[in-house]
Amino acid sequence: MNFIPSFITAPFAFLLRHLAELLNDYGWALIVFALIITIIRVPFDIKGKRGTMGTSLLQPKIKAIQEKYAGNQQKIMLEQRKLYQQEGVKPTAGCIWMVFPMLIILILFQIIRQPLTYLMGLSPEQIELLRDVLIKLDAPVREGALYQVGLAGDIQQYFQQLSLVVPELFATSDIFPINMNFLGLNIGEQPNWRVILGEVGPNPAQAIGLFLLPVLSTVAAFVSQRIMMATNYMQSQMQQPQMMKTMMLMMPLMSLFIGFTFPAAMSLYWTASSLLFTVASVFINRHFKKIYAAMKAEMEEKDRIKQAELDAKRKRTEELRAQGLLKENKGTSKKKKQLQEREKERQRQAANRAEDAEDDGEYNPSRIGHRKYARGRAYDPERFGDDEPIVRDLDLDEPDDVTENQIHVDDDADVYDDDDYDYDDYDDEDDDDR
């Protein structure tokens, strides 16, 4: 399954194809390809560092916010957003440019895994035709996810015979022999980790050499991460030590996995790419170190001026207070005044509605004034009127087994325990009837 659309892979496949034809060596073509991709990556890496530089400079302030509002994640996020807006920093600017290197890796996965499709532009029907012809020419039967890589090596070996057997295919397509022999190794084959168990096959030198390529790519990835983190002056402020250790392990392990899953050509490219980009990163970090220092000094000077202004205002306030010329400010901020005015207006409107309702004969005393908790049963000041109060005689000669929470309403009434009474069944109409 191809995850990258063909219109994206086409330029990279075009470049790799012409390098392979020009150099007549697939291995050196991949190394030159890695060099060109590294040159293309440099501007993206510069953009990414410019984006992360501002975030890195704000790390002390962000840490202070996190300590101040510890336990209130919503407040922390709000204050961080305000800080980014005040400083004009976009925290996600550096992450966007990191997508490009991963996209290149995915594109190369597809190209190296399917050279007949991307480098030669063959259709599935043409590939099946080539497979059948190669089998008739005593070539090995190629199956599995990497069968196109094996077919590409067979095309190189049986190129002359194929041009005679299916000349019409050569006339209507861009078939060319891909030389996959790099320093005596067939990088079109997949490395076998079982070499460490002694399974070297009929060609021990080939098996051991292919086994060493993923190991070499893993070491190159580890060294690359180590050097880039050591020379990246912003890394220590932006990431916790645990995160740095995770990155140190993740990339080499990914390289090792890919090395034993894909053809050896992938490990060769990964090794070349890691070493070349490490060299480029060292020079980029040296260049940005001066820019970073200048931006840090500028931000510190801005903070110093701001703090000096605050100290001057505070000192002036103390002087006025000492001279008795300072009036106490009792909650007269603009926001509080607006809230007070809105509350007064709301109460005025509520009073007007109550007066209008009283004029229309719909007087409701439970809604007079500011009574925000009057949301239940309507209040009626004439509820009991002039009725006589209800008096219940208590029979003081009750037996001893009657508890203090039990009373007799009359001689024929049952005895109720106040603790067992269900108040939810109480009906207002019963009270009115009495």
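User: In which loop does Leu 183 lie, and what is its phi?

Analyst: In this predicted model, Leu 183 sits in the loop between β1 (181–182) and β2 (185–186). Its phi is near 55°, a positive value in a residue other than glycine.

User: Is Leu 183 buried or exposed?

Analyst: The general idea is to compare relative accessible area with a cut-off, exposed being over 50%. Leu 183 has a relative accessible area of 70% and is therefore exposed.

User: Which other loop residue has a positive phi although it is not a glycine?

Analyst: Asp 138 has a positive phi of about 70°. The residue is found in the loop between α8 (124–136) and α9 (147–157). With a relative accessible area of 66%, Asp 138 is exposed.

User: How should I read the setting of Phe 277, and is it buried or exposed?

Analyst: The cut-off for buried is under 20% relative accessible area. Phe 277 counts as buried because its relative accessibility is 8%. This residue lies in helix α15, which spans residues 264–322.

User: Which residues does Phe 277 touch, leaving aside those up to four places away in sequence?

Analyst: A contact is read as heavy atoms within 4.5 Å. On that basis, Phe 277 touches Thr 38, Arg 41, Asp 45 and Met 228. A separate distance, taken C-alpha to C-alpha, places Phe 277 and Ala 34 9.1 Å apart in space, while 243 residues separate them in sequence.

User: What share of the contacts in the protein chain joins residues 24 or more positions apart?

Analyst: Among contacts with a separation of 6 or more, residues 24 or more positions apart account for 66%.

User: How many helices and strands does the protein chain have, and what percentage of its residues count as buried?

Analyst: The protein chain has 17 helices and 4 strands. Of its 434 residues, 33% count as buried.

Notes: Residues numbered from 1 in each chain as written. Predicted model: local features only at pLDDT ≥ 70, side-chain atom pairs only at ≥ 80, totals over all residues. Heavy atoms only, no water. Helix = DSSP H or I, 4+ residues; strand = E, 2+ residues; numbered from the N terminus. Buried < 20%, exposed > 50% of the residue type's maximum accessible area, 1.4 Å probe, protein only.
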